[in-house]
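Thanks for taking a look at this one with me. Here are my notes, point by point, to read alongside the model.

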Amino acid sequence: ATVVLFYSVLRSVDVPGLRSSQIMLCMMLGASAAFATPIGYQTNLMVLARGDYRFGDFCLLGGLLMICTGIVTALLTWLLPIT
């Protein structure tokens with residue numbers, strides 16, 4: 001689904017100084033960053049009952065992990081060399 005969305009975003013986004021590789025990096029990492037809910041990924045559901053986790057545990061720890069991933073993604077996108 002992200003690949004299909006990438007082409008439409010690439011055609012509609014026209015920001016000076018923004019390269020397609022930067023958009024692609026943000027979309028790839030954003031599509032795979034589903035840490036905040038147990039229904040975001042299959043393995044989250046597998047450990048939910050076995051580990052005696054609650055929904056709020058995923059929101060707390062997964063939300064912090066998503067914030068860290070977003071900051072690292074923004075930095076990597078900004079520091080991406082022009083090649």
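1. Among contacts in the protein between residues at least 6 apart in sequence, what percentage join residues at least 24 apart? The share is 42%, where contact means heavy atoms within 4.5 Å.

2. A word on the ground rules. This is a predicted model, in which local features need pLDDT of at least 70 and side-chain atom pairs count only at pLDDT 80 or more, while totals for chains, interfaces and linings use all residues. Residues are numbered from 1 along each chain as its sequence is written, and side-chain values use heavy atoms, with hydrogens and water left out.

3. Now the overall layout. The protein has four helices and zero strands, and its elements run α-α-α-α from the N terminus on. Helices (H or I, at least four residues) and strands (E, at least two) are DSSP runs, numbered from the N terminus.

4. On overall dimensions, the C-alpha trace spans about 50 × 25 × 20 Å along its principal axes. The radius of gyration is 16 Å, whereas a compact globule of 83 residues would have one near 12 Å; the radius is taken over C-alpha atoms, and the globule rule is 2.2 Å times the number of residues to the power 0.38. Of the 83 residues, 14% count as buried. Here buried means under 20% relative accessible area, exposed over 50%, and partly exposed in between, with a 1.4 Å probe and protein chains only.

5. Please look next at helix α1 (residues 2–12) and its packing on α2: the angle is about 145° and the axes are 11 Å apart. Axes are lines fitted to C-alpha atoms, for helices over the stretch in contact, and angles run from 0 to 180 degrees between N-to-C directions. From α1, the contact draws on Thr2, Leu5, Phe6, Val9 and Leu10, and from α2 on Ser20, Ile23, Met24, Met27 and Ala31. By class, this contact has eight nonpolar, two polar and no charged residues. Ala, Val, Leu, Ile, Met, Phe, Trp, Tyr, Cys and Pro count as nonpolar, Asp, Glu, Lys and Arg as charged, and the others, Gly among them, as polar.

6. Helix α2 (residues 20–31) also packs with helix α4 (residues 55–79), at an angle of about 165° and with axes 9 Å apart. The two are therefore roughly antiparallel to each other, a label for angles over 145 degrees. Gln22, Leu25, Cys26 and Leu29 of α2 meet Thr73, Leu76 and Thr77 of α4. Four of these contact residues are nonpolar, three are polar and none is charged.

7. Is threonine 73 buried or exposed? Threonine 73 has a relative accessible area of 9%, so it is buried. Leaving aside residues up to four places away in sequence, threonine 73 touches Cys26 and Leu29.

8. Aspartate 52, in the loop between α3 (42–50) and α4, has a positive phi of about 55° although it is not a glycine. Most residues other than glycine have a negative phi. Aspartate 52 counts as exposed because its relative accessibility is 67%. Glycine 40, in the loop between α2 and α3, is partly exposed at 29%.

How values were computed
Parallel < 35°, antiparallel > 145°, perpendicular 65-115°, else oblique.
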